[in-house]
Amino acid sequence: MKQRADFIVYWGGNPAECHPRHFTKYTIMQKSKFLPRGRKDRTMVLVDIRETKSVKAADIFLQVRPGKDFELITILRALVKGQYVADEAIAETGLTRETLDDLVHRMKTCKFGCFFFGMGLSMTRGKHMNSAALLTLAAEMNAFTKFVAMPMRGHGNVTGADVIMRWQTGFPFGISFNRGYPRYNPGEFSTVDLLVRGDCDAAFIIGADPGATMPQPAIDHLKRIPTIVLDPHITHTSKLARVHITTAPQGIAAPGTAYRMDELPMPLKPALKSPYPTDEEVVRRINEAIAQKPFWLPEGSQPQLLTTIG
Amino acid sequence: MSLQIIENATCTFCGCVCDDINLHHDDLRIHKAERACVLGTAWFLNHTAEKKYPVALVDGRETSLDEAIEVAAGILHEADMPLVYGLSNTTCEAQKECAALADQLGGILDSHTSL
């Protein structure tokens with residue numbers, strides 16, 4: 001991307017304010033062997049519902065009507081394939097046919113295109129269907145040129161969480177172990193849905209503050225059940241929790257590894273010595289304490305692997 | 001007092017995880033984060049090695065780490081369907097421990113990704 005991407009689309013994100021060094025370090029501002037003039041050799045498109053500070057950096061800004069991202073992506077997929085699209089359908093997205101034709105032309109003629117999509121796409125109406133549509137569009141673009149898509153990850157090591165869960169369980173998030181083996185079903189095992197339905201009867205929160213970010217019914221359920229929080233600060237969630245344990249902040253006082261959003265692991269170089277234990281140590285000790293207790297099956301024993309005899 | 005410098009430190013505030021930050025620090029705090037952006041600078045300078053908060057709280061009461069771990073283990077063990085959630089602002093090593101925790105409990109494991 002840094003070396004070759006000459007067509008960069010930011011969709012539903014505001015990198016100028018949320019990922020300030022993304023432009024300079026990884027994308028549009030970089031000069032490379034293949035793009036020697038740097039910014040001049042690259043085209044940047046921004047798709048968002050309103051004008052943010054990132055607009056200034058963009059060559060083309062497409063202001064899509066709120067909640068119409070999925071429609072826009074579907075229209076683009078049709079236009080890319082040369083299929084018929086009705087005028088009313090385009091009008092609904094708040095854009096014109098000329099703009100979209102131009103965009104499709106640029107997408108097809110670039111050498112290496114990239115979609116970066118943010119929460120403006122993946123967390124608004126349509127949610128994961130929007131992300132899926134954009135990923136499909138990127139895949140389909142490969143019939144014409146090289147095209148990739150990548151989510152703009154927010155908090156530090158959320159990419160690492162995906163990677164670690166995939167490695168340990170085979171699934172990236174929304175996993176249930178309640179049959180003794182991992183099952184994946186977002187919507188059923190994803191936190192907000194789980195809390196809003198009131199399914200879980202205890203919560204262990206680490207490196208997150210759902211008390212500040214989740215919808216009220218979910219927070220209400222967190223208040224009802226015993227909640228345990230591990231965080232470097234007393235957070236909104238700590239205030240409604242039964243147990244709060246202060247831990248050392250990662251990368252400042254806690255060593256370890258963090259994944260960059262392109263899934264590159266980075267070693268952390270802590271500068272300070274914290275008076276608090278690290279997350280890793282606390283969770284390991286809780287694990288050890290639980291291992292002392294009987295297993296959760298009624299018999300209190302670990303399930304045995306069934307082997308066929310003979 | 002002269003400051004110690006850590007070269008090419010990693011910033012974990014946002015998903016960019018910039019790994020070229022030079023940190024000027026003493027024992028207590030980081031004074032300067034070279035090459036970090038506005039968000040990164042705030043992140044590094046606002047965390048100190050001071051003991052600002054109690055080690056652990058149980059029902060709002062200050063307590064020792066050992067007791068808090070014991071209470072937490074008890075709560076999680078008693079629960080029928082415990083949820084392990086978050087995992088963003090922490091290291092991969094801790095995340096692995098969390099996966100083991102959810103597995104051992106027969107609970108739910110979920111991250112910010114699903115939000």
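1. Cavities. In this predicted model, three cavities of 30 Å³ or more are counted. A cavity here is a set of points, on a 1 Å grid over the protein atoms alone, where a 1.4 Å probe fits but cannot get out. Grid points are joined across faces, edges and corners, and a volume is the space filled by probe spheres set on the points.

2. Conventions. Residues are numbered from 1 along each chain as its sequence is written, and chains are lettered from A in the order in which they are written. For this predicted model, local features need pLDDT of at least 70 and side-chain atom pairs count only at pLDDT 80 or more, while totals for chains, interfaces and linings use all residues; side-chain values use heavy atoms, with hydrogens and water left out.

3. Largest cavity. The largest cavity holds about 100 Å³. Residues from chains A and B line this cavity, among them A:Pro232, A:His233, A:Tyr276, B:His47, B:Glu50 and B:Lys52; a lining residue has an atom within 4 Å of a point. By class, the lining comprises four nonpolar, six polar and two charged residues. Ala, Val, Leu, Ile, Met, Phe, Trp, Tyr, Cys and Pro count as nonpolar, Asp, Glu, Lys and Arg as charged, and the others, Gly among them, as polar.

4. Second largest cavity. Its volume is about 90 Å³. The lining has 14 residues, and B:Cys11, B:Cys14, B:Cys16, B:Cys18 and B:Cys37 are the closest to the centre. Eleven of the lining residues are nonpolar, two are polar and one is charged.

5. Domains. Chain A has domain 1 (7–151) and domain 2 (158–291), with bounds from an automatic or database domain assignment. The C-alpha centres of these two domains of chain A are separated by 32 Å. Chain B has domain 1 (4–46) and domain 2 (56–114), whose C-alpha centres lie 28 Å apart.

6. Five-stranded sheet of chain A. The open sheet runs β3-β2-β1-β4-β5 with parallel pairing; strands are DSSP runs of E, at least two residues long, numbered from the N terminus, and two strands pair if DSSP finds at least two bridges between them. Because β3 (60–63) and β5 (146–151) of chain A stand at the edges with a single partner strand each, one side of each has no neighbour in the sheet. The twist averages 15 degrees from one strand to the next. Strands β1 (7–11) and β4 (112–117) of chain A pair in the parallel sense over five bridges, and A:Trp11 has A:Phe117 as its bridge partner. Helix α5 (97–109) of chain A packs on the sheet and touches β1, β2 (43–48), β3, β4 and β5 of chain A. Contact means heavy atoms within 4.5 Å, and helices are DSSP runs of H or I, at least four residues long. The direction of helix α5 of chain A makes about 130 degrees with that of β3(A); axes are lines fitted to C-alpha atoms, for helices over the stretch in contact, with angles from 0 to 180 degrees between N-to-C directions.

7. Nine-stranded sheet. An open sheet of mixed pairing has the order β7(A)-β6(A)-β7(B)-β6(B)-β8(A)-β9(A)-β10(A)-β4(B)-β5(B).

How values were computed. 1 Å grid on protein atoms, 1.4 Å probe; cavity = no way out; pocket = protein on both sides within 12 Å on 5 of 7 lines; lining within 4 Å.
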